[in-house]
Amino acid sequence: MNATRKIIHIDMDAFFAAVEQRDFPQYRNKPLIVGGAPNSRGVVATCSYEARQYGIHSAMPSAHAYRLCPQAIFVKPRFDAYQQASMSIRKIFADYTDLFEPLSLDEAYLDVSQSCLHQGSATLIAKAIKAAIKQETQLIASAGISYNKFLAKIASDINKPDGLYVITPEQGADFVGRLTIDKFHGIGKATSLKMRALGINTGKDLKALPLAMLQHYFGKAGLYYYSISRGIDHRPVNNCRSRKSVGVEMTFQQDIQLKQEVIAQLQSLLEKALNKVAEKQLVAHTLTIKIKYHDFVQITRSRTLPHIITAATTIGAVLEDLVKNTEIGRRNVRLLGITLSSLDDKSGQTDYQQLDLFSDC
């Protein structure tokens, strides 16, 4: 554990909805939902805190959100506005440290370990960043401060909105011990259920298991779980993150079921994703499909190819093979998605071994 590191995680509060309420005064202090229309198959991208009081949350079907709060205002996302706000926020980060790692439009890690600003206090720097964001963009951010990325991210969720929470090196291990498994970033729903079936309900329970047992049940992730259960996370803040993936997806107005229709839709999505990759002067080696069934159960299937992915040649056969061990043809499908990853510059000639990765999530 490196106790000298000072990591801040900044997370904008209800970012998309906050931008809409800032730009359109008629939306302020009202339940606002950014996402699909209530009479569509769309989902909630995010919602205001006024809407959250009704139990609405991100990724919820818009129709369900409407039933919970019929008086809610539904608006389509305006990504250009969100990107502009995000760029303003990143310029503020750069005033405090060169070492910041954006995770998305609305969150980032900052390493201020070597900063002399505000007497080197990460807490005072976080307060100053929050104040600068509010003054510059009229938006509210929450901040988590700790000695590693895992704990800083968890800390930023505490006391939202407009939160600020510190987890010191002395507090780290005990804090993680009290944390319930479903609050662990990096442990998804399927893994959480598996852990609970094994009697792992808290960080303390997770810490009690030897490394060999965790690796037996969870493979390579076992070492990560072993470390974070002890408050250990050596991942650096990386300010040179390259684009890791490009994805597109589609929610259907009516469920589809026939295998050939699914393949055709995936092929269409693949072509759109390939166009996005080409626009960035990149090529991809890994193809991932996402399938969400009518009951919202979701699975992914991936393959890394030894050559670059194109819409021609054998890609049709690859799609056929990826859906082979799914329930396509037997269960209705609500949503399909394609993600391209293992990205290289077009001039790059990285060799990849063929690898199949099958995972449920």
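**Entry 1: a proline in a loop**

I looked up Pro-161 and found it in the loop between α6 (149–157) and β8 (164–166). Helices here are DSSP runs of H or I with at least four residues, strands are runs of E with at least two, and both are numbered from the N terminus. The model is predicted: local features need pLDDT of at least 70, side-chain atom pairs count only at pLDDT 80 or more, and totals for chains, interfaces and linings use all residues. Residues are numbered from 1 along each chain as its sequence is written, and side-chain values use heavy atoms, with hydrogens and water left out.

I then checked the peptide bond from Lys-160 to Pro-161, which is cis, with omega near -5°. I noted for comparison that most residues other than glycine have a negative phi, and most peptide bonds are trans.

**Entry 2: positive phi**

Gln-138 is not a glycine, yet has a positive phi of about 60°. Gln-138 sits in the loop between α5 (122–137) and β7 (141–146).

Phe-296, also a residue other than glycine, has a phi near 75°. I found Phe-296 in the loop between β10 (282–293) and β11 (298–304). Is Phe-296 buried, partly exposed or exposed? Its relative accessible area is 36%, so Phe-296 is partly exposed. (Buried means under 20% relative accessible area, exposed over 50%, and partly exposed in between, with a 1.4 Å probe and protein chains only.)

**Entry 3: Lys-149**

I went to helix α6, where Lys-149 is found. Lys-149 has a relative accessible area of 4%, so it is buried. Which side chain makes a polar contact with the side chain of Lys-149? It is that of Glu-101, at 2.9 Å. (A polar contact is a pair of N or O atoms within 3.5 Å; within protein, one must be able to donate a hydrogen and the other to accept it, and residues adjacent in sequence count only if both atoms are side-chain atoms.)

I also listed what Lys-149 touches, leaving out residues up to four places away in sequence: Ile-7, Glu-101, Tyr-109, Asp-233, Arg-235, Pro-236 and Val-237. Contact means heavy atoms within 4.5 Å.

I placed His-185 in the loop between α7 (169–178) and α8 (189–197). Its relative accessible area is 24%, so His-185 is partly exposed. Not counting residues up to four places away in sequence, His-185 touches Phe-150, Lys-153, Ile-154, Asp-157 and Tyr-224. With Asp-157 there is a polar contact between the side chains, at 3.2 Å. I also took the separation of His-185 and Asp-162: 23 residues in sequence and 20 Å in space, C-alpha to C-alpha.

Ser-192 lies in helix α8. Its relative accessible area is 8%, so Ser-192 is buried. I found that Ser-192 touches Ile-181, Asp-182 and Ile-187, with residues up to four places away in sequence not counted.

**Entry 4: aromatic rings**

I searched the whole structure and got 13 aromatic pairs. In one of them, Phe-79 and Tyr-82, the ring centres are 5.8 Å apart and the planes stand at 85°, so the pair is edge-to-face. (Rings of Phe, Tyr and Trp, its six-membered ring, pair if their centres lie within 6.5 Å; planes under 30 degrees apart count as stacked, over 60 as edge-to-face and the rest as tilted.)

Phe-79 and Tyr-82 are separated by about one helical turn because they are three residues apart in helix α4. Ring pairs link Phe-15, Phe-16, Phe-79 and Tyr-82 into a cluster.

**Entry 5: Val-75**

I found Val-75 in strand β4 (residues 73–75). Its relative accessible area is 11%, so Val-75 is buried. Not counting residues up to four places away in sequence, Val-75 touches Glu-20, Tyr-27, Leu-32, Ile-33, Val-34 and Gly-35. The C-alpha atoms of Val-75 and Ala-18 are separated by 12 Å, and the two residues are 57 apart along the chain.
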